[in-house]
Amino acid sequence: MAQDVKPRIKLPKSAAAGETVTIKTLINHAMESGQRKDADGNTIPRSIINRFTTEFNGQMVLDVTMEPAISTNPYFEFEAIVPEAGEFKFTWYDDDGSIYEDVKKIALA
Amino acid sequence: MTRTKTIAAFFGAAAMIAGPAFAEPVEDTLILNEEIEMVTWTDPSPAVDGALSEVISGWHFRGDETRAMQADDFDNPGMMFVEQARDAWETVEGTAGKSCASCHGEADDSMKGVRAVYPKWNETAGEVRTLEMQINACRTEQMGAEPWKYAGKDMINMTALISSVSRGMPVNVAIDGPARETWEKGKEIYYTRFGQLELSCANCHEDNYGRMIRADHLSQGQINGFPTYRLKNTKLNSAHSRFKGCIRDTRAETFAEGSPEFIALELYVASRGNGLSVEGPSIRN
Amino acid sequence: MQLSRRNVMIMGAGAFVAFGLPMRASAAAEERIAEFTGGAAMAETGITLTAPEIAENGNTVPIEVSAPGAEAIMILAMGNPTPGVATFNFGPLAGSQYGSTRIRLAGTQDVVAIARMKDGSFARASRNVKVTIGGCGG
């Protein structure tokens with residue numbers, strides 16, 4: 001699954017110091033639940049993203065434990081406080097050991 | 001008892017449990033990214049020839065959450081595949097050493113309006129071409145590359161990109177001149193009953209849109225929103241794949257994606273939606 | 001196709017199972033709750049769970065949770081084969097104790113959200129979501 005996985009992130013380019021901003025993230029991933037069977041009746045093994053974190057300048061915003069009931073192409077919307085200019089770091093952890101990362105800078109308005 | 005009455009009894013039974021809240025298309029306005037106001041409910045064009053009193057996008061037959069998901073490009077998972085196609089657009093393939101961009105530059109400019117007029121008569125080839133056929137003609141004739149599978153992932157992603165840059169423009173396929181014969185053939189297929197259930201496209205999508213089929217709404221079967229991201233299979237689906245599914249559900253041997261029958265049917269069904277905004281990639285159930 | 005009495009009955013039966021039978025909460029779900037709360041009592045206020053009354057498709061059901069003052073919110077689908085959905089853990093820079101995602105529901109069932117507040121108390125909200133099976137081809 002590690003190939004072709006491409007996160008999408010939406011957040012403002014700038015914010016006032018101390019402002020709360022809305023962040024949306026979407027990542028393409030099959031999130032194979034481990035409940036499905038293939039054409040021969042064999043169970044397709046579970047293969048999901050099991051954790052998603054967002055940090056800002058090294059401080060935690062949100063840490064989500066994800067289970068097989070999260071839909072294909074996982075989507076999250078949440079809010080973060082922006083105390084200063086800096087960088088959001090988004091990380092997705094795959095069952096297969098792959099880690100998908102993206103960073104977005106935000107300036108003070 | 002006639003077949004029509006049988007069908008009516010079936011719909012009646014389903015509607016009883018589903019309740020009235022689910023029956024009619026929802027009155028709502030689709031504004032894309034708080035910017036583009038889409039035409040999703042309009043008067044029929046002459047191509048409809050009196051068969052419908054109004055032309056309604058499938059968007060109106062979906063639930064609140066699904067309609068909202070399509071209104072914002074970030075919330076729309078179909079747009080992930082558009083981004084993948086943007087990479088493919090720039091990728092050099094084939095013996096000529098070209099990418100799509102080598103000839104067509106920026107897709108946002110050069111492809112604007114293209115989706116709206118396809119399927120379209122190609123004078124040189126002497127045939128009605130779907131967007132997929134045109135893409136493969138580019139690949140084999142201009143790029144010296146292998147054609148893509150008609151309803152495969154690469155192809156559908158590319159049609160999603162090309163469609164996305166025409167969103168908000170009215171569908172306007174030509175049905176006169178040399179395309180007429182193909183259109184007539186498509187019309188004949190639309191009204192032909194298929195399968196053990198002996199259902200035509202029209203039996204559901206013309207006679208019974210706005211009613212329930214089991215626990216779901218029947219739309220007019222418009223294809224202005226294709227390719228569409230279906231919640232059911234969480235991927236993009238082409239119009240031909242949807243046609244195939246519909247005909248299969250009548251318990252018939254179906255036609256293949258890219259077959260002459262489906263090319264003709266696509267032209268005819270597209271023409272019934274002339275005037276609706278291009279919506280693809282839309283979100284449907 | 002002739003409309004016989006038998007066919008009518010089959011069609012009727014088809015219509016009535018359209019929403020399916022509600023799926024019962026599993027022992028696994030109860031265990032997850034006990035694990036998260038340590039058996040503590042849960043308030044019925046202080047947490048909001050938003051979910052559609054009728055989900056268009058069980059594969060992609062949008063939900064939102066909000067619990068001002070929470071450090072964590074656990075979401076469970078009580079009738080799924082494995083009840084766990086997600087746990088939101090809010091860090092010091094969380095702008096609110098709010099999260100929205102899209103989830104899978106195997107059928108009509110209760111979705112439950114439980115918040116663990118900073119003061120160690122718990123709050124619980126539950127929503128019944130009816131999952132329809134589709135029209136043609138499910």
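Student: How many salt bridges are there between chain A and chain C?
Tutor: The count is one. Keep in mind that this is a predicted model.

Student: Which side chains meet in that salt bridge?
Tutor: Those of C:Arg32 and A:Glu67, with 2.6 Å from N to O. A salt bridge needs the nitrogen within 4 Å of the carboxyl oxygen, so this pair counts.

Student: OK, and how many residue pairs are in polar contact?
Tutor: Between chain A and chain C there are 21, counting pairs with both residues at pLDDT 80 or more.

Student: Which strand of chain A gives the largest share of the side touching chain C?
Tutor: That's β5(A), with eight residues. By class, that side of chain A has 18 nonpolar, seven polar and four charged residues.

Student: New topic: in which sense do β5(A) and strand β6 of chain C pair?
Tutor: They pair in the antiparallel sense, over five bridges. In chain C, that strand covers residues 84-90.

Student: What stands opposite A:Met66?
Tutor: C:Ala86, which sits in β6(C).

Student: Zooming out, how many residues are in contact?
Tutor: On the chain A side there are 29, and they touch 27 residues of chain C.

Student: And what area is buried between chain A and chain C?
Tutor: About 2300 Å², with carbon and sulfur atoms giving 49% of that. In chain A, the residues losing the most area to chain C are A:Glu67, A:Ala69 and A:Tyr75, together 23% of what that side buries.

Note on methods: Residues are numbered from 1 along each chain as its sequence is written. Chains are lettered from A and ligands numbered from 1 in the order in which they are written. This is a predicted model: local features need pLDDT of at least 70, side-chain atom pairs count only at pLDDT 80 or more; totals for chains, interfaces and linings use all residues. Side-chain values use heavy atoms; hydrogens and water are left out. Contact means heavy atoms within 4.5 Å. Buried area is the accessible area (1.4 Å probe) that two parts lose on being put together, summed over both. A polar contact is a pair of N or O atoms within 3.5 Å; within protein, one must be able to donate a hydrogen and the other to accept it, and residues adjacent in sequence count only if both atoms are side-chain atoms. Helices (H or I, at least four residues) and strands (E, at least two) are DSSP runs, numbered from the N terminus. Ala, Val, Leu, Ile, Met, Phe, Trp, Tyr, Cys and Pro count as nonpolar, Asp, Glu, Lys and Arg as charged, and the others, Gly among them, as polar. Two strands pair if DSSP finds at least two bridges between them.
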